[in-house]
Each structure stands twice: as C-alpha cells, then as structure tokens.
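Trainee: Hi! Could you walk me through this one? I'm new to it.

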Amino acid sequence: MDKLKKLSKQQLFLPIMCVLLVLAVNIVYDVSQGSPFYNFFRITIENGVLSGRLISIINRGSEVAILAIGMTLVVSASGGTDISVGSVMSLCASFCCMLIAGFGVSSVSSADEFACPLIVGLLGALLMGCVCGAFNGALVAYLNIQPMVATLILWSAARAIGLLLCNNLIVYIRVPEYGIFGGYIGFMPTPIIIAAVCVLIVSIVLKKTAMGMYVQAVGINKKAARIAGLNSKRIIFMCYFLCGVCAAIAGIVNSSRITSADSNNIGLNMELDAILAVALGGNSLGGGRFNLAGSIIGAYTIQAITTTMYNLGVSSAVSPVFKAVVVIVIVAIQSQPLQNWIRKHRAHAADKEAAKA
Amino acid sequence: MKTEQKTAKTLGAKKMNSNTLLLIITIVLFVVMYAAGCVVYASKGFTHVQTFLNILNNNAGLVCVACGMTCVMLTGGIDISVGSLIAMDCMLLAWGTGKGYSAIVMCALVIIIGLVFGFVQGFCVGYLNIQPFIVTMAGMFFARGMTAVISTDQLSITQDTSALFYGWANAKIQLPAFLGYVNGKGKVQIPYIRVSVVVALAVLILIFLVLRYTKFGRSLYAVGGSEQSAAMMGLDVKKAKLKAYVLSSFLCSIGGICYCLNTMSGSVSQATGLEMDAIASCVIGGTLLTGGVGNVFGSFFGVLINGTISSLVKTNGKLASSWPNILTAVLLCFFIVLQSVFARIKEKNK
C-alpha cells in the first residue's frame with residue numbers, strides 16, 4: 001500500500017495511467033469484436049512500410065509531440081501558455097507552399113514548376129516560425145504582457161495572414177519530394193523520425209547545458225532568478241522563440257502530410273492539444289518544474305485517445321466532448337483545494353477509526 | 001507630510017487619467033475610423049444613418065457577450081467558451097423549434113443551460129482554483145461537441161418552423177423619418193433597428209449599473225485588483241468569481257439568442273472565433289487583462305470598432321475576407337502594448 005502511494009506521487013504516474021487506461025479500452029474493444037487481444041500492438045509491414053494501430057498513433061501524434069516540446073518550455077518559464085501555435089503552424093505551412101509554388105498559384109504537380117527550390121521554402125517556413133516566436137517572446141518577456149494575451153494577437157492574425165499569402169486558395173504541392181516530410185523514409189514514417197530528432201536535440205541541450213535548470217529557476221521565481229544573476233527576460237524570450245520554431249516544424253510536417261497548405265484547417269485546435277499534453281504530462285501549468293518526457297507521453301496519449309475514439313465509431317465532431325471531460329477530470333484531480341479536501345476527509349476518517357478503537 | 005499628501009493626490013489623478021485616457025483613445029479611434037469611412041466611401045452610402053445602425057444590428061449578440069466577458073475579465077479571468085456556447089444555443093434553438101417546441105420554451109431552456117454551464121465553470125475556477133483558461137477551454141470543447149451531438153447538419157429556422165421566432169427576427173423598430181434618406185427610386189428609407197439591439201442595449205445599461213452601484217459589481221473590481229486584499233477585506237472571493245462566470249454564460253446565452261435572430265440557423269461551425277472578437281473588444285475598450293480595471297461602455301465601443309472594420313472591408317468589396325481579422329489583431333496589439341506602457345509608467349511613479 002505504501003509503495004502504491006509512493007508510486008502515485010511520481011510525476012509520470014498520471015500520464016502512464018492514462019496510457020494504460022486507453023490500452024485497456026482498446027483491448028476490451030478488440031476482444032469484444034472477436035479479434036485477438038494483441039491486435040492493438042500488432043506491427044506489420046504493408047506495401048513496404050510499417051503499419052498497425054500503434055504505429056499510426058505514434059505517426060499521427062508527431063505534430064502534437066513536437067509542439068509539446070516548445071509548449072513545455074513556455075509553460076515552465078513563464079507560467080503561461082502560447083495559444084498561437086496552431087495558427088503559426090498554418091502560417092508557416094502557407095508561407096512554405098507559397099514560396100515553393102509562387103504567389104497565387106494553386107497547384108504544382110512537378111518539380112519544374114517550382115518558383116523557389118524546396119529548401120528555400122522550408123527555410124522560409126522556419127524563419128517565419130522564428131519571427132512569430134520572437135514576436136510573442138518580445139511581448140511577453142520585454143513588455144511584461146500576460147502570455148495568453150500576447151499570443152492572442154497571433155492566434156487571430158497568423159491564420160488570416162496565411163490565407164492572405166495563399167490568396168485564399170488551398171495550395172497543392174503534389175510533388176513526392178515535398179510529401180516526404182509527412183510520408184516515409186524507407187519503411188519508417190518520417191514524422192516519427194522528425195519528432196524523435198527534435199525531442200533528442202532539445203533533451204540533450206537541456207541535460208548537457210544548464211538551460212533546463214535556468215528555465216525552471218525563472219519559472220519558479222522570476223525575480224529571484226534575476227537576482228541570482230540569470231537574465232530572466234532573455235530566457236523567457238528564448239522559450240517562446242523555440243516554441244515558434246517547433247510550431248514551424250509541426251506546420252511543415254502537417255502540410256507535407258496532405259501535400260498542400262490548407263490555411264483554414266492546418267493546426268486547427270492544435271494549441272489546445274499541445275497544452276493538454278503538457279497538463280497530462282503532470283506539469284504544473286503555473287510554471288516551474290517540468291518534465292519533457294511527461295509532455296511527450298501526454299502528446300501520444302492524446303493521439304491514442306483520439307484514434308481510439310475513431311475506432312469506437314465516435315464522429316470527429318463529437319469527440320471534443322470526451323476531450324473536455326478528460327481535461328476537466330485531470331486538472332480537477334491535480335487541483336490543490338480538492339486534494340486538501342480529500343486529505344482532510346481521510347484524516348477525519350482515520351480519527352474516527354482511532355476513536356472507535 | 002504635505003508633499004506626501006500631494007504626491008498621493010497626483011498619483012490618484014494619474015491613475016484615473018491613464019484609465020480614462022484608454023477609453024478616450026478608443027472613442028476617438030472609433031470616431032476617426034467612422035469619419036474616414038464616411039469620407040472615403042460617401043458614394044457607397046457609408047454616411048447613411050442606417051450604416052451605423054446595421055453595425056449595431058449585426059453585432060447585438062456580440063455586445064451581450066462582450067458585457068459578460070468584461071465582468072469575467074474584471075476578476076482577472078477569461079472566458080473562451082463563449083463562441084462555442086453561442087453555437088450550441090443557436091443549434092438548440094434551431095433544433096427545438098424544428099421539432100415543434102415553442103420559441104419561448106426554447107429560449108428559456110437556452111438560458112437555463114447557460115446558467116448551469118456558467119455555474120460549472122465558475123465552480124471549477126472559484127472553488128477548485130483551476131486556471132480560467134483551461135476550464136473555459138474545456139467548456140469550449142464541450143459546447144462545440146454537444147452542438148455536434150444535437151445535429152451535424154445545418155438547421156435553419158423559417159416561418160414554418162417557428163412563426164414567433166421568425167416574427168421577432170424580422171420585426172423592425174423604426175426611428176424618426178428625418179434620419180432616413182431617399183433611395184434611387186425616390187422612396188424614403190426609414191432607418192430601423194432590430195429587436196436584438198434593444199435587448200443588447202438594455203443588457204449594456206443594466207450591467208453598467210450593476211458594476212457601478214451594486215455590492216456585487218464592486219466586489220468584481222476588488223477581486224481583480226488584488227485577490228488577497230479582497231479576501232482580507234472580508235469579501236468572498238470564490239463566490240464573486242463563481243458569480244462572474246455565471247453572469248458571463250448567462251449573458252452569452254442572451255447573446256446567443258440575439259445572434260440566432262440574426263443568422264436564423266444553427267450549425268457546428270457557427271460563431272468560431274467569436275470569443276476572440278469579444279476579448280479583443282474588451283481589450284480595445286480599455287479593460288485590463290490583469291483585472292480590476294474596465295468599463296462595459298469601453299467594451300461597447302470596442303464592439304463598434306470591430307463592426308466598423310468589417311463594415312469598411314465589406315463596403316470596399318475588393319479586400320480579402322481575412323483583412324478584418326488582421327486589422328483587429330493589429331489594433332489589439334496596439335492597445336495591449338499601450339496598456340503595458342501605461343502600467344510601466346504607473347509603476348515608475350510609485
């Protein structure tokens with residue numbers, strides 16, 4: 001019992017419990033449908049590429065995982081959330097496709113029609129992400145504006161600017177070279193590789209340098225960190241900057257997946273998924289200590305929930321209801337007043353038992 | 001001693017100034033924008049009284065929502081569930097009247113649902129101490145999903161499904177004839193407003209009075225100014241927050257009915273991004289997002305500025321549909337930076 005208690009105090013307890021719950025639902029569903037219980041885990045090679053439900057979840061969850069990296073740092077350093085990531089994704093994808101296809105062109109079907117080389121488009125998208133991140137970072141760090149409010153500006157503007165860049169069209173880039181970022185390298189789905197590389201780079205930087213500690217220090221107490229000699233403002237700025245870059249990468253992956261830039265739909269509600277991933281990962285949304293691994297697991301958990309719901313036949317329009325319930329239950333469990341109440345209740349019960357004895 | 005008193009006095013004056021200054025800037029901006037529109041698009045009928053009234057007619061729902069949003073923002077919170085809640089209200093009205101229920105019953109149901117919705121959100125924010133953004137984000141998901149549960153089709157309200165609702169939507173309250181103009185056919189066009197505008201203006205005045213003269217209204221300012229001080233003063237902070245969210249969702253339901261009178265239909269993708277318009281209106285109107293400072297009349301002018309922008313873009317006819325969004329965001333950016341600069345000046349004077 002004591003061990004169980006200790007286990008439940010661990011930060012990764014919640015996300016891992018969620019994953020197990022989702023797995024259990026899947027297995028029960030599979031068995032009730034007459035398939036073997038390991039159906040969920042089965043990985044096969046079809047048409048020369050990996051396939052299977054597990055692979056599909058990890059593949060589809062890549063964008064949220066990439067966003068979750070940036071979001072974790074932003075939440076940790078500033079105690080606020082960057083709600084513009086979804087719109088920035090859309091803007092970067094639109095900018096990339098606009099550069100490659102040329103302004104006002106709605107469809108490109110071979111590499112000869114490119115207005116710019118592919119690499120210019122990709123670098124352009126990354127640059128756009130940097131600009132958006134820097135804009136948010138400057139507002140939050142140097143002008144002391146509440147994070148949510150500062151990012152509200154791009155939340156509304158970025159998607160609209162993206163539409164403007166694409167001349168209100170859906171730009172199709174039907175070229176295999178462009179589709180590779182959302183497709184496959186060999187038998188591996190590329191988004192998985194991209195997400196893994198991003199996670200690896202960031203976690204190595206956080207582990208090998210003092211960056212991770214700095215971010216946490218600033219998040220726990222901005223003033224104290226400054227007095228201790230840290231440039232709090234610059235660290236917060238850097239976190240937002242990185243979040244912008246992550247959004248750009250996620251945007252490229254998402255747009256490459258559908259080989260087009262659909263400004264109205266790329267990254268729609270993705271900011272909410274990213275924030276949810278951070279919360280699910282056991283990170284406090286009030287800033288301070290963070291756990292990158294938790295956020296990543298959280299991101300894949302969300303994708304697992306979404307995929308499971310599709311499997312159960314819940315329509316995509318209705319699934320937000322379940323997501324909302326999941327969010328509220330998780331944050332309510334984490335909330336301090338409820339935990340205090342439970343503790344008090346338990347103490348009361350223990351007192352009663354003691355009195356009886 | 002004397003100098004201290006003096007500085008205290010000037011400080012007080014400055015505090016008043018910077019807040020009223022924001023409101024004045026907003027009003028001046030609106031007047032300038034509207035005047036510019038009148039000059040540039042005089043030939044397209046921008047100078048008619050009806051153009052101004054149409055801004056009101058089209059944005060009556062948003063006025064109600066912005067009033068509620070102001071109350072929540074005064075406590076230092078935010079409510080991003082309003083857009084989805086309006087979609088749910090419209091869908092419920094369209095579905096209910098389609099099924100043959102009376103429009104009055106459906107409106108009552110919508111308002112009751114709004115109150116319950118607000119109560120749950122307010123409870124989570126006030127008593128469970130969860131961040132308002134997260135709670136209302138969940139509310140936003142929930143309401144949008146429930147809209148899809150009711151129906152994924154686009155349902156519309158016609159004269160056949162509900163004559164009463166149709167009557168409300170098409171009722172015109174005419175203003176004195178001298179405000180009208182003679183159209184191309186030589187007929188006098190008498191300017192009119194919709195029923196929803198009357199509702200919205202009534203809500204606006206009511207909330208203004210509530211915020212200014214009631215205990216509840218002042219407690220919102222106190223909680224937003226400093227939660228700790230408010231608690232030490234003996235205010236029930238949790239209850240005040242709960243009430244603010246209930247009020248917001250309640251006004252949002254009324255706004256939803258006004259909105260539905262305009263669109264006469266319900267669909268899943270309705271009113272997406274409306275929460276953004278409401279928040280932008282409040283910020284442009286001088287409500288501080290940190291709480292404690294704000295005024296519903298400022299928010300009203302914020303809505304008017306929003307409406308003027310889309311009206312200008314519509315009158316131009318050549319600009320892309322995403323321009324209003326971008327312009328609103330630019331204005332939002334301008335006002336947010338302005339607020340931050342004012343806050344910094346205030347801090348320096350301390």
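Trainee: Let's start with helices: is the crossing in which H2(A) passes H14(A) left-handed or right-handed?

Mentor: H2(A) passes H14(A) in a left-handed crossing. A crossing is called left-handed if the near helix is turned anticlockwise from the far one by less than a right angle, and right-handed if clockwise. Before we go on, this is a predicted model, where local features need pLDDT of at least 70, side-chain atom pairs count only at pLDDT 80 or more, and totals for chains, interfaces and linings use all residues. Residues are numbered from 1 along each chain as its sequence is written, and chains are lettered from A and ligands numbered from 1 in the order in which they are written.

Trainee: Thanks. At what angle do H2(A) and H14(A) pack?

Mentor: Helix H2 (residues 13-32) of chain A and H14(A) pack at about 20 degrees, and their axes are 9 Å apart. Axes are lines fitted to C-alpha atoms, for helices over the stretch in contact, and angles run from 0 to 180 degrees between N-to-C directions. The two helices, H2(A) and H14(A), are therefore roughly parallel to each other. For that wording, angles under 35 degrees count as roughly parallel, over 145 as roughly antiparallel, 65 to 115 as roughly perpendicular and the rest as oblique.

Trainee: Which residues make that contact between H2(A) and H14(A)?

Mentor: From H2(A), they include Val19(A), Val22(A) and Tyr29(A), and from H14(A), Ile297(A), Gly298(A) and Ala304(A) are among them. Two residues are in contact if their C-beta atoms, placed from the backbone, lie within 7 Å. By class, the contact of H2(A) with H14(A) has 10 nonpolar, 6 polar and no charged residues. Here Ala, Val, Leu, Ile, Met, Phe, Trp, Tyr, Cys and Pro count as nonpolar, Asp, Glu, Lys and Arg as charged, and the others, Gly among them, as polar.

Trainee: Got it. How are H10(A) and H12(A) placed, roughly parallel or roughly perpendicular?

Mentor: Roughly perpendicular is the description that therefore applies to H10(A) and H12(A). Helix H10 (residues 211-220) of chain A meets helix H12 (residues 232-257) of chain A at about 110 degrees, with axes 10 Å apart. H10(A) passes H12(A) in a left-handed crossing. Tyr214(A), Val215(A) and Val218(A) of H10(A) touch a group from H12(A) that includes Ile235(A) and Ile236(A). That contact of H10(A) with H12(A) divides into 6 nonpolar, 1 polar and no charged residues.

Trainee: Switching to strands: in what order do the 3 strands of the open sheet in chain A come?

Mentor: The order is S3-S4-S7 (chain A), and the pairing is mixed. Two strands pair if DSSP finds at least two bridges between them. Strand S3 (107-108) and strand S7 (260-261) of chain A stand at the edges with a single partner strand each, so one side of each is left without a neighbour in the sheet. Helix H5 (residues 85-101) of chain A packs on the sheet and touches S3, S4 and S7 of chain A.

Trainee: How many bridges join S3(A) to S4 of chain A?

Mentor: There are 2 bridges between S3(A) and strand S4 (residues 171-173) of chain A, and these strands run parallel. Val108(A) has Ile173(A) in S4(A) as its bridge partner.

Trainee: Now the two chains. How many residues does the contact take from chain B and chain A?

Mentor: It takes 35 residues from chain B and 35 residues from chain A. On the side of chain B that touches chain A, the largest share, 11 residues, comes from H5(B). That side of chain B divides into 25 nonpolar, 9 polar and 1 charged.

Trainee: Last one: are H3(B) and H4(B) roughly parallel or roughly antiparallel?

Mentor: H3(B) and H4(B) are therefore roughly antiparallel to each other. Helix H3 (residues 82-98) of chain B and helix H4 (residues 103-126) of chain B pack at about 150 degrees, with their axes 9 Å apart. The crossing of H3(B) and H4(B) is right-handed.

Notes:
Helix = DSSP H or I, 4+ residues; strand = E, 2+ residues; numbered from the N terminus.
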